[in-house]
Amino acid sequence: MKGKLVVAGLGLALVGAIAAESARYWRHPGQPLALGASASNHALPGTLTTRGGSAHGTYSLKYTAEVARGQDPMISLSLLGSLELWTVRVDADGTLIRARFAGQASAGVPDADATGATSALQQGFAEPVYIALDPKGQVTDLRFHPGLSRLPQTTWRSLAIGLLQFIAGDSGATLWQSNERDENGVLIAEYDAASAGGYDKRKLRYVSEYLPELKHRVIESSQHFDFDGAALPLHVSERESIGVTTGKLGLPEMAASTTLELKRSSLEPATLDPAWLAEVAGFERLDLQATGTARARQSSLDEAMASRMTFEEAMLGLYPGPDGKTPKAADAYHALMGQLRQSDSALPKLLDHIKKRGPLRNTLLAILRDSGTVDAQKALCDLLDDPASNATDRADIVRDLSLVKTPTADTLQKLTSLMHDPVLGAQAEFGVGANAYELRDSAPALAQQAVSTLVQDLQQAPDDVQRRRALGALGNSGADSALSVVQPYLGTGSEATQVSATEALRRMPGAQIDLLLADQLRHSPLAAVRIAAADAIRYRDPTPPLVSALSESLHLEPDVSVRHAVLDVAVFFLRQSSVLRDALAFVAANDPDAKLRGAAQQALN
């Protein structure tokens, strides 16, 4: 993000949620809402829970945050209401806490409508969140309901660090320091047993940053924890201000300030709902460094893309100008894609152009594919069944459905139903494999069902053509569960079948696959298979078995076409392996083929 000032924390989420069109995103430095201290072996009362059982605490919470440039406020938010905390799990790995807020949340942005930000914040804080701490008491990550926007995510994280992160000292210590992490970087904090009871904490300084172009400075830091000997803290208060700069002079260009007050109103033993562990397993994870979960970051990016142009401007931008060039086409494409992901209001207009076979038809079909929304995929399936679609249209649509990054169950079912179509079957079967690959994490049962269908198709293949097609589809799926049916074809059958089987290994995870590919590259008697092994290795991490096989082939492979294929892969991994650099130096100095020597030397240069 060169050239953009990024303030770690809350501010980034706020601006990203309500002003995605802005070129700057602000993150608020580490201030928070968390709850107590850590499960620790140290003799301090500041442990969130004991190993003897779980607890449920109810608290009143007041929290404010503001990001300002100089004297000019940029963003602000507040939370006022009740906070509930449950200890869900305490073991050798740390503590898992469930938190839920009930109250009022509000956000403000000068000279802008903050309704969207307040709505996002209020909605996000109506959902439960899970907070994980390591055995020391360091917050490590949070888990959110799928689809939650960045603003509540980063606000929850700031709160969790502020209320929960208490790193105990040695037994009997009254003054100690600890190295800790928040959402900005690594810092030194100082703890002090207060004379009036409880513990004071303050941040002293940051020692490293997650983003090296930013520098954070502690302007003010004061935090107090009170405990009453129970598992959860009785009272937590905090006031903090962090300055942020990108300049060499070190003068803060921006400051993020927070206050919080947490008071316990009740504490009781917790009766845990067994559904909670299943719930947290399906939630999205946010660690300390990320600016949001992957889905939330994508949503913010979609907002930014959608805001670049209106629908009409984007449509015009796709057309070539008088000189035949389309300088705005890329922005227009992404604007329409973002608009589709934000709302389906543009979909009827796109479909009208497509059905009328307008000049942008193919581009708009690709936009439907790349937007990947449920409605866009349904529209593609409907177009596939439209009697007005000709054979070329149908082939293009099947290909587009094969390339969707977030396929629905209906999309997968549509492709599966076409696997034995005499015209569309091959592409549909490849698409079933590609869909299974994209669904492997989000819907593993559905993905495995698709893989089982492909395995059955391979086992029942009546001829070499069908067999190779099924192997190609299984290769697209990347499913290691199919290895047992793929492996027999690595060394038997026609040359084309052995090539397809070797290519099918490229996405399968695991060390065993690395060893199989290395063996194919070294020992297959067929040059085409050795080339296929080299190409498959490109899709993988350069593990020692693969690097060794590539290096050996550059030294010993007799077929120049295979050496060319291996050289391409070695160059691809060159920056990750000194062994491959040495192998390229050998090729540059000794290979009998002049083109190979030149290519190796050019890569080294």
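Trp86 is buried, with a relative accessible area of 11% (buried means under 20%, exposed over 50%, partly exposed in between; 1.4 Å probe, protein chains only). Trp276 is likewise buried, at 11%. The model is predicted: local features need pLDDT of at least 70, side-chain atom pairs count only at pLDDT 80 or more, and totals for chains, interfaces and linings use all residues. Residues are numbered from 1 along each chain as its sequence is written, and side-chain values use heavy atoms, with hydrogens and water left out.

A search of the whole structure gave 13 aromatic pairs. Rings of Phe, Tyr and Trp (its six-membered ring) pair if their centres lie within 6.5 Å; planes under 30 degrees apart count as stacked, over 60 as edge-to-face and the rest as tilted. Among the pairs is Trp86 with Trp276, edge-to-face, at 5.3 Å centre to centre and 65 degrees between the planes. Trp86 belongs to strand β2 (residues 72–91) and Trp276 to helix α4 (residues 275–281), so the pair ties together parts that are 190 residues apart in sequence. Helices (H or I, at least four residues) and strands (E, at least two) are DSSP runs, numbered from the N terminus.

Phe225 and Phe227 form a stacked pair, with 6.2 Å between centres and 5 degrees between planes. Phe225 is buried at 0% relative accessible area. Phe227 is buried at 15%.

Arg98 lies over the face of Trp86, 5.3 Å from the ring centre. The charged end of Arg538 sits over the ring of Phe572, at 5.3 Å from its centre.

How values were computed
Lys NZ or Arg CZ within 6 Å of the ring centre and 35° of its normal.
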